[in-house]
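Please open the structure in your viewer and get ready to select a few residues. We will take the tour one stop at a time.

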Amino acid sequence: MTDLNAIAHTLSNEDQQRFINYLERKNKRSDTKNIELFKLLIEDDLSSKEMFQQLYNSKSKDAYHALRKRLYQSLIDFIANLNLEEENSIDMQIIKYILASRTFLIHNQPMIAYQILDKAEKLAKEHHLFPILNEIFHTKIQYAYLQPSLDLDTLISDFRINQKQHFIEEELNLVYAKIRRTLSEMTYKGKVVDFETILNETIKEHKIDISESLSFKSLYQLITIVSLSAFVTKDYLKIEPFLLNTYEKIKARNHKVKQTVYHIQVVYMIANTLFRNKKFHQSLTYLDTMEALMLEQRKKYFATFKLKLALLRGLNLNFINKQEAAIELLETIKHSKHSDIESLLDIHLALVMFYMQRSDFKNAKSMFSKFYHTDKYYIEKAGKEWIIKKNIAEIILYIEIGEFDLVESRLLSFRRSYTNYLIQIKQERAIIFINLVELYFKKPEIVTSDSFKEKVENSFEWIDERQEDIFVMSFYAWLKSKMEQKALYETTIQLIAKAQNVN
């Protein structure tokens, strides 16, 4: 069920209709149920059993399973053809040029062949298609004896330069794969490693020179590697200039390069960095650019990225004092059927935070009731950082709604499960925060005392407010709101505004 559902929802609304038209043309019989099944997948929230009953109303499931297999194959064929038509049209055109030129060369027509190869070379250079350029140069050099006027030395020099660029692109791809694997082990398996050392050693090992001319894809990978470093160190301020400057280079060098999927992800990473650096209005501007890119090519990538777009837009709105709009946005999308489980979980947790900030604990508790899986499940889907934030928020919620037995059990469970891990990754302040939360829980009357405020002040090693993680600040705002006896959302907005105004 999951595979077919996920595949169907990668298509935009327009492409879903095109697929239905494709099936209508393909169907030889009028009683074929593939269109009915596809419509159930995209329109109704039914289980596999309910779909079977609606389509066949019988006990035999063989026909249903055969139908699903045929629909799966039709979807794969349709999506593959769609990509050949759109995304790879330049690649296909250049390959056709190369094949045609070789035919002319075999038939001793070098003048026509080299005119075609020149067109192919120009297109391939515009789109940074280094592997295809390699084939073009290879063909030109192989048959250079048929074209005496050709400057062979220059051609060989161009070939060597392209080889070097292709090598750099491939090496960067290897670095990207290794760094993503390392981060995945840290995020989803709780592996404790020195990420920055691994990053630096990997780049040094592969001799990456970022001053070279890179393709849009490679620049995206480079930006991703830098962003992953910031994710681990929480130092988004340090990478912001690099991301913005690199993006300007991308736009300047690659104005003819479509590669929309990479462009969308680059803009998203910039918007996320600006959000983390509390530059909410700038982040929203980049999200508008992201949405415009998602609407290109008949909204081809809109479904893929719509959750990430909505989540980050909602978070930005929340911190510019537009919480109603933020909640309305995320409420409309929280029930989406989507393969991006991590973003769906982030949306639910963001709504928990929004409702708690406005003291709407009934809705916050209702959102928490949807988190019925084990911690292990959520770590696999969203990572350890997510589950730690979720558990801290849950402890605070139970304190607010007076479910004190649950507070005790959650505190005990949190310490048992995550204390050693937090110490290993040098995030002891999360443990300190939990200790202060427990102190307030057991003796709420002391929270406004000077001694408690002094204890809080002396408990943390405070860092630059501009650099401080926005989600850490949101948790601290809860404690601060208790100390100052102010509304939580008001305290949060004031705390963020103060950080924004630090020189």
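Here is a short walk through a predicted model, with something to select at each stop.

**Stop 1**

Select M92, I95 and L99, and show their side chains. Together they make a nonpolar surface patch of about 240 Å². Is M92 buried, partly exposed or exposed? Its relative accessible area is 33%, so M92 counts as partly exposed, because that class lies between the 20% limit for buried and the 50% limit for exposed.

**Stop 2: helix 12**

Next, colour residues 236-253, which form helix 12, and find L244 there. Which residues does L244 touch, leaving out those up to four places away in sequence? They are I270 and Y286. Then pick T273 and draw a C-alpha to C-alpha distance from L244: the two are 10.0 Å apart in space and 29 residues apart in sequence.

**Stop 3: helix 13**

Move on to R276, found in helix 13, residues 260-276. R276 counts as buried because its relative accessibility is 10%, and buried means under 20%.

**Stop 4: helix 26**

Finally, go to T492 in helix 26, which covers residues 488-500. With a relative accessible area of 2%, T492 is buried. What surrounds it? Show F319, Q357, S474 and A477, which T492 touches when residues up to four places away in sequence are left out.

Notes:
Residues are numbered from 1 along each chain as its sequence is written. This is a predicted model: local features need pLDDT of at least 70, side-chain atom pairs count only at pLDDT 80 or more; totals for chains, interfaces and linings use all residues. Side-chain values use heavy atoms; hydrogens and water are left out. Patches are made of residues with over 30% relative accessible area and no salt bridge: like charges are joined within 9 Å, nonpolar side chains (Val, Leu, Ile, Met, Phe, Trp, Tyr) within 5 Å. Accessible areas come from the Shrake-Rupley method with a 1.4 Å probe; for residues, only the protein chains shown count as cover. A salt bridge is a side-chain nitrogen of Lys or Arg within 4 Å of a carboxyl oxygen of Asp or Glu. Buried means under 20% relative accessible area, exposed over 50%, partly exposed in between (1.4 Å probe, protein chains only). Helices (H or I, at least four residues) and strands (E, at least two) are DSSP runs, numbered from the N terminus. Contact means heavy atoms within 4.5 Å.
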